[in-house]
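Trainee: Let's go through this model together. I will ask, you answer.

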Amino acid sequence: MNNLAKLADYFVNYPFVRYAFVVGLLIALCASLLGVTLVLKRFSFIGDGLSHVAFGAMAVAAVTGLTNKMIIVLPVTVLSAILLLRTGQNTKIKGDAAVAMISVGALAVGYMLMNVFPSSSNISGDVCSTLFGSTSILTLRKSDVALCVVMAVIVILMFLLFYHKIFAVTFDESFAQASGIPANGYNLLIAVITSMIIVLAMNLVGSLLISALIIFPALSAMRLFRSFRSVIICSAVISVICAGAGIILSILFSTPVGSTIVVADMVVFFLFSLIARCKGGSKA
Amino acid sequence: MSVQITCKDAALGYENRIVAEHLNFTVSSGDYLCILGENGSGKSTLMKALLGLKPQVSGEIICAHQGIGYLPQQTVVQRDFPASVQEIVRSGCLGKSGLRPFYTKEEKALAAQMMQQLGITELAKRCYRDLSGGQQQRVLLARALCAAKNMLLLDEPVTGLDPRAQNELYEQIAALNRSGITIIMVSHDVAAALQYASHILQIGSKQQLFYGTADEYKNSRIGKAFLESGGAEIE
């Protein structure tokens, strides 16, 4: 009870707590929507690769001393997403190798830049907070929140508008293409939206943990549900609940926000796996 | 008998590597054409050309690409895909919907009608990955019919099915053919091709080896040779 009162107090008295909630839940929602498609298309690793690229870009932005880092981070990540998708079709360097190459490269360059041109005295602190999210979600300004809301609305609108096409392209690309759906265009759209989400989510969970936000809710939902729509809905619900619970717990027990959310997602995943196994056992 | 596809001296492949050339054949409505050939003989490239996904290097292929319902080979992604049968069949209608984000009543009705025709109406709410191989192929057939009502292009549709399911699927396809739908099937199965198809196109080592009716094929030198080898080596 005491904790609840404390939480309510935070919520009423500190606008940054409210901001954190709005941003956290929106990002979690967006990530889970796209997550189902990415997992099913075997693109989970692209999320991971892109997040490293975003880290590298963030380092570049920090070195150049830009106040609005998005100007660099967003275009660079989107561009890498497009590049990664193109190399997926190219046979010279296989898709997975290309992703590994770009992601590790970006990570190395980012870390080196941050060390060579330190923008603050606490380099390891900077690096750590970029990688693991730290508490930056609790220091959001109104403009950050506005940007996040706008991007989230765009992502959700795109998803709703192209829901059926995204399904078709995910399920069977060659059929989609043959029946006149510009499959490559939709792949590009998926890549661009993914990179937008990753850049957004860097604030919340940091660049190393973003993949968790994308894949865990989708994987959990797939344990139990058997139609595309129910999987999407369930994954969105799981993701939002976990993000909410994660933020609350992290405030109450002063744990890092990002990792708390990811742990919440993991718990749900194991729970769902267990339920699925019990159900499967009783059926067989 | 209107001509639906005309292929005149077409060469297929990539800029510097021709996979198959001198292809000449026609497909009229109601035909059942079976395309035979070894692996690597250019069958799948020919299919892509017919679907309009890959233009021919030279020659001429006249056909309405959008009017072909395609049954591709199963991919790894599909085996554990969480989707209901209804969702999949309806997605066949998407090619014509442009940017419209939802299905119209007519499209839903069309999907229902196709499921009825293929006898999978009661599976509508089931999950695709829980179905048997034969049922899965019916679902994909229904989807292909939603995309195009008068011509189907099937890519080795019986691969991976047990013999009984293979026969059922062949009968199903033959029934669709009798109802007036043109069938083009890429296959390894010479015996089935001769039993069901009206026309045979055989391609091998970069060129067209045979085109004609199934009866002509049985009496042709190449057909006899192919049959004597039992078609075993084309696997």
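Trainee: Into which domains is chain B divided?

Mentor: This is a predicted model: local features need pLDDT of at least 70, side-chain atom pairs count only at pLDDT 80 or more, and totals for chains, interfaces and linings use all residues. Residues are numbered from 1 along each chain as its sequence is written, with chains lettered from A and ligands numbered from 1 in the order written. Domain bounds come from an automatic or database domain assignment. For chain B they give domain 1 (1-68 + 149-235) and domain 2 (76-147).

Trainee: Which helix gives the largest share of the side of domain 1 of chain B that touches domain 2 of chain B?

Mentor: Count two residues as in contact if their C-beta atoms, placed from the backbone, lie within 7 Å. Then 10 residues of domain 1 of chain B meet 9 residues of domain 2 of chain B. Helices (H or I, at least four residues) and strands (E, at least two) are DSSP runs, numbered from the N terminus. The largest share on the domain 1 side, 4 residues, comes from helix α6 (residues 163-178) of chain B.

Trainee: How do the residues of the side of chain B that touches chain A divide by class?

Mentor: In this interface, 20 residues of chain B are in contact with 27 residues of chain A. On the chain B side, α2 (76-79) and α3 (85-90) each supply at least two residues. Ala, Val, Leu, Ile, Met, Phe, Trp, Tyr, Cys and Pro count as nonpolar, Asp, Glu, Lys and Arg as charged, and the others, Gly among them, as polar. The chain B side has 13 nonpolar, 6 polar and 1 charged.

Trainee: How many helices and strands does chain A have, then?

Mentor: Read the elements from the N terminus: they run α-α-α-α-α-α-α-α-α-α-α-α-α. The total is 13 helices and 0 strands.

Trainee: Are α1(A) and α12(A) roughly parallel or roughly perpendicular to each other?

Mentor: Helix α1 (residues 2-13) of chain A packs on helix α12 (residues 228-253) of chain A at about 105°, with axes 11 Å apart. Axes are lines fitted to C-alpha atoms, for helices over the stretch in contact, and angles run from 0 to 180 degrees between N-to-C directions. Under 35 degrees counts as roughly parallel, over 145 as roughly antiparallel, 65 to 115 as roughly perpendicular and the rest as oblique. So α1(A) and α12(A) are roughly perpendicular.
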